[in-house]
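Here are some notes for a colleague who is opening this entry for the first time. Please keep the sequence and the structure at hand while reading the points below.

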Amino acid sequence: MMHFLLLFSRQGKLRLQKWFLPLPERERKKIVKDMTTMVLSRKPRTCNFLHWKDLKIVYKRYASLYFCCALENKDNELLALEILHRYVELLDKYFGNVCELDIIFNFEKAYFILDEFLMGGEIQETSKQSIAKSVEASDMLQETMEEYMSKPAF
Amino acid sequence: MALKIVKGSIDRMFDKNLQDLVRGIRNHKEDEAKYISTCIDEIKQELKQDNIAVKANAVCKLTYLQMLGYDVSWAAFNIVEVMSSSKFTYKRIGYLAASQCFHEGTDVIMLTTNQIRKDLSSPHQYDTGVALTGLSCFVTPDLARDLANDIMTLMSHTKPYIRKKAVLIMYKVFLKYPESLRPAFPRLKEKLEDPDPGVQSAAVNVICELARRNPKNYLSLAPLFFKLMTSSTNNWVLIKIIKLFGALTPLEPRLGKKLIEPLTNLIHSTSAMSLLYECVNTVIAVLISLSSGMPNHSASIQLCVQKLRILIEDSDQNLKYLGLLAMSKILKTHPKSVQSHKDLILQCLDDKDESIRLRALDLLYGMVSKKNLMEIVKKLMLHVDKAEGTTYRDELLTKIIDICSQSNYQYITNFEWYISILVELTRLEGTRHGHLIASQMLDVAIRVKAIRGFAVAQMATLLDNAHLLTGNTQRNGICEVLYAAAWICGEFSEHLEDPMQTLEAMLRPKVATLPGHIQAVYVQNAAKLFATVLRKHEGETDSHAAQETSQLLIDRLPLFVQSANLEVQERASCILQLVKYIQKLQQKKVEVAEEVTALFAGELNPVAPKAQKKVPVPEGLDLDAWINKPPSESESEDEKPKAVFAKEEPKHSRSRHTEVDEKELARRREARKREQANNPFYIKASPSSQKVYDAPGVEHIPVVQIDLSVPLKVPGMPMSDQYLKLEEERRQKEKAERKKEKKKKREKRGKERKADSGPESEEDIAPAHQVDIVTEEMPENALPSDDDDKDPNDPHKALDIDLDKPLADSEKLPVRTHRPEVLKSPAEDRVNESIPQETKKRSGKEKKEKKKGKEKDRKRSKEEKKKKKHKEVEEELLESHPEEAVQSEETKEAATPPTSTSAEEETAPSSAAAVDTSSAAAPESEPDEPKDAEPEDTKSSKHKKKKQKKEKEEKEKKKKKRHHHHHHHSNAGGEDSVQNGTVEEEEPLPPMSNYFLLAENSYIKMMKEDADQVYDIQGNHQDESKVVVSVIFENKSDSFLKSMEFNVLDSLNSKLQRPEGAGAHDSLTVPFQLPPGISNEAHFVFSVQSIVMPQKLKGTLTFIVKSDESSTHEKLDFKLHFTCTSYLITTPCYL
């Protein structure tokens, strides 16, 4: 089971965080700090796995963003890399050539996509099509119900 | 109203939305904190407004700020407000915020229960979905308990979108509320075969997670998973299933055998690395669990190792890393197959990625043998020299020591070599592991008696050159080695060639700069050396040398008496006085050596690390109680007893001295020389004996190679290499010798070592020394093994639940329902305490019922035979298994017309009755009194075998009949719920233990299953509810029982269901006859009107006892008791 998923920039700025276990705020902050320092200090062309406490950290860099997740001891690291990649694909499909700014400015969308893909640290849906479909469907639902909030009022 | 809207929209114009906030933060890089604090003030204002849209916007911004690390817990209530919005747009934001901000300590979570329940049952699937997603992040034990039933219901939702989410979240619910696992499990299991692949994969995920924690409870699912594995094409799911099997196989080796083939096929065929890796890992796990059982698994191991080699050779660092990781798993059980890839692994030591190097080091640990240890360590020593960065070098150092010292120095054939390695390691710059080297030195010197002479010589050299270790750089770690050196020289001083010189080295003024605990050891061991010197010179006519020694001590010790360290001070002053006294005696020509030596007499043995723990605490001794008032903290320092001999020396980080390393020293020396050479006034010295420095003009001086048997006393000169050569030579010589006299060698080797258990191929390598490794001491009767407890706080421990046991009533999930008729509904009638999961469905669908019943019966019969529960698992998997054959026979038998069986029945009882007619006749006179059934029982045990067979037949027959007689009802009165015992005493029948004795006489015993009241969940609950009562009839007599009729006096509330056309008082025919010793089960259905009244029904069973001579009519009364509480049952609601 995945414990958490973090997205952070090369400067160590957190862009997205998903905790599949409820942790107190302080602990979360500590973990984020540990992760960013650990991952960012890795040299290029080294392997993408780290041991941290009793968890396995799997990270991968896509453009300027680091995707980093924590697995339990018996989980499959390569599968985790595939999960990260799949998430990037999903973001890419949704935003169309996704970049860091897309995630910064639409961070809630990034969460909604993630929520359709993973749940409770497990893969919820493996089909890209059905994820895209349900994200779209709930967006539609939102758009139709959307009040004047999202549009300029003047 | 209109004004309000207008006003709202004007307000809005000035509101920031999320994008504005993000932009603003990016534009205020310098004063971000200030900008955000104004934003938070704005948000607080927005939250005060009534407009939900404004609130949602504010909450959305807060979620972003939360990610940046700002505390937003104050807005928890507002988040709940937004969650409760009826509009999906806001609800979504609310749940997102909650899932990011809430944790178990958030108190407003309590307020969300009803809102979440409402959302879960919303007609819009996305509302439900959003609630489930949010809940998965912040579910608390309370929420889990309150919502478990709602979520369980959602697992059967019509929309797969909801089903898969519900299935996944169940895992979280199980963790928080373990009681929900058993009631929910059957449905979870169903989902493994869900038509939607997403739901199926979700169920696989959840069960995989559960099973990895407590595999034994999931063994029974193995056949199902096996089917899934062979049919699924989804790699994501396959990986999970394979992982699950990896967890199951250690418990069931037969499963492993079955798995090997499909897994190796997958390994051959798949192109997905993640799947390949998972398969290899599971094959390894399987082979480990099979390590003894299967002869021809070497092919599979070979395959795995090959594939891993490909991974390791891959240019992808990730694959390399994982390949090494998996390799280390194989290593544990099949070291040889890995050892052949030593080249590859040594190659990885040069990788530029540190994590890969570390993995390779792990592997080396298991790859050493007596043959290659020296070679491998040599390579590692090279790496030590090359290594940049102290962490990796320290890692190397610890690995070298680990590798050498593993399993009691099993692989070391030459301890001189090892000591030299340790000495070489002391040259390491800035290592933290001085104490590790020190403890190895101590351990080897103490435990390997043969090496003491050599060790002492080396240590004396170290002491002599202590200035190199304690030079002027920050090498605080390494001086710990001196601790060991001083102790070894003192303790084994009889081996010293020149104790006087060592003594002198130990009392140099520079010693006073060492850490206190090391000085203390120096002082103490100086005294030991003193004793040795005295002894050596005793008897000599010239007592000059001895007196000189005393004088030396008296001169030097005052330095230590002044030490700031109490330990040093105390020891020094004590010894100083002692020496002064001895000097006086010496002057009087008194022989003192004997007495002084006696001070340090006695052998010291190593103590096992767990020895202290194993010393039993004397009775009446409370170790936690204070003897006096608690002392202040500083006192505890002194209480550490005999730190001198403890393996782990206290680490004193304070060090006042700095050290120079070799190179530095050489550099300086050279600089000095150059200076001297240029100085015309300096008279040049001839080059020193130890090292030739390439100063101009010295090359022509012939250097004579001195062949010293004792290694040169220059620390820093790599000596261990010479052992490598020596060792090779020695081995070759030995080989030649062995050819000559094989037999002699054998005998010799027998004595060599206790701990010698290396692989066979190495048996022919004899150690260079006769090595006696002193075993560690333990208290009497104590075993070195330690009982390691699992972490009691592991949340998964609570999920270690037997899932095959029938579900008890008390385990039902709490239901809150708003439909009053369900509450009233007699549907929930229960007669007794529990309802087995299987029977629940029985009254629903006849087909299912039959299947389930069969399964149950089969289980029972199997358990009678085998008494081993988990064997069942495999039986379904392994078609060829004998049990399986029995099963199919049974079904065949059941299919044949009952005439043949009844014929058999009649012959069997008649013979049995003939044997014991008298005992059958005796109880006849008092048929109503339950009587001790002993004679019958002993009798029946004689016929046990026959009986079992019969029983099986009976059951099959009954099963067949049951669906004809489904509406036959019988009645059972469980007034006294005595646990039945007699039968079970002989052959425990676990499923039978649910049965309570209903009534009994000398002919027959009736037992009611306490968990067998079942009403139909789906069908009947609107009108009236049915309760099914299972009753087992057991013939205790030697006569044939037939024409059994079952009747109950109906009450207003509860009625026995009779076939149509039958009168209200007619009795029901029990659909079978009972030969002696046989038992069978019948089901009777009751309809119950109200569950608010407890019921006691009186009933009668009449039957005919038919023996050879006569037949009599008998009857047995009983009472059937339905309590109100037993009616309680979960009603899942279908949406």
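**Notes on the model**

1. In helix α11 of chain B, the buried residues are L181(B), R182(B), P183(B), A184(B), F185(B), P186(B), R187(B), L188(B) and K191(B). Because nine of the 11 residues of this helix, which spans residues 181-191, are buried, α11(B) is largely enclosed by the rest of the structure. Please bear in mind throughout that this is a predicted model.

2. Chain B as a whole has 1135 residues, of which 53% count as buried, and its secondary structure comes to 48 helices and 10 strands. Among the contacts in chain B with a separation of 6 or more, 75% are accounted for by residues 24 or more positions apart.

3. How many residues does each chain bring to the contact between them? Chain B gives 66 residues and chain A gives 68, and the two chains bury about 6500 Å² between them, with 56% of that area on carbon and sulfur atoms.

4. As for polar interactions, 27 residue pairs are in polar contact between chain B and chain A, counting pairs with both residues at pLDDT 80 or more. Helix α10 of chain B (residues 160-176) supplies eight residues, the largest share of the side of chain B that touches chain A. Sorted by class, that side of chain B holds 26 nonpolar, 20 polar and 20 charged residues. Seven salt bridges are found across the interface of chain B and chain A; a salt bridge joins E122(A) to K240(B), with the closest N and O atoms 3.1 Å apart.

5. The largest nonpolar core has 297 residues, and those with the most contacts inside it are Y87(A) and F102(B). Once neighbours within four places in sequence are left aside, Y87(A) is in contact with L5(A), L7(A), L16(A), F67(A), A110(A), Y111(A), I113(A), L114(A) and F117(A). A second, separate core of 31 residues includes M1006(B), V1027(B), L1041(B) and F1122(B).

6. Two backbone angles deserve a look. A63(A), in the loop between β4 (55-62) and β5 (65-71) of chain A, has a phi near 50°, which is a positive value in a residue other than glycine; its relative accessibility is 68%, so A63(A) counts as exposed. S1043(B), which is not a glycine, has a positive phi of about 50° and lies in strand β5 (residues 1040-1048) of chain B. At 36% relative accessibility, S1043(B) counts as partly exposed.

Methods
Residues are numbered from 1 along each chain as its sequence is written. Chains are lettered from A and ligands numbered from 1 in the order in which they are written. This is a predicted model: local features need pLDDT of at least 70, side-chain atom pairs count only at pLDDT 80 or more; totals for chains, interfaces and linings use all residues. Side-chain values use heavy atoms; hydrogens and water are left out. Contact means heavy atoms within 4.5 Å. Buried area is the accessible area (1.4 Å probe) that two parts lose on being put together, summed over both. A salt bridge is a side-chain nitrogen of Lys or Arg within 4 Å of a carboxyl oxygen of Asp or Glu. A polar contact is a pair of N or O atoms within 3.5 Å; within protein, one must be able to donate a hydrogen and the other to accept it, and residues adjacent in sequence count only if both atoms are side-chain atoms. Helices (H or I, at least four residues) and strands (E, at least two) are DSSP runs, numbered from the N terminus. Ala, Val, Leu, Ile, Met, Phe, Trp, Tyr, Cys and Pro count as nonpolar, Asp, Glu, Lys and Arg as charged, and the others, Gly among them, as polar. Buried means under 20% relative accessible area, exposed over 50%, partly exposed in between (1.4 Å probe, protein chains only). A nonpolar core is a set of buried Ala, Val, Leu, Ile, Met, Phe, Trp, Tyr and Cys residues joined through side-chain atoms within 4.5 Å.
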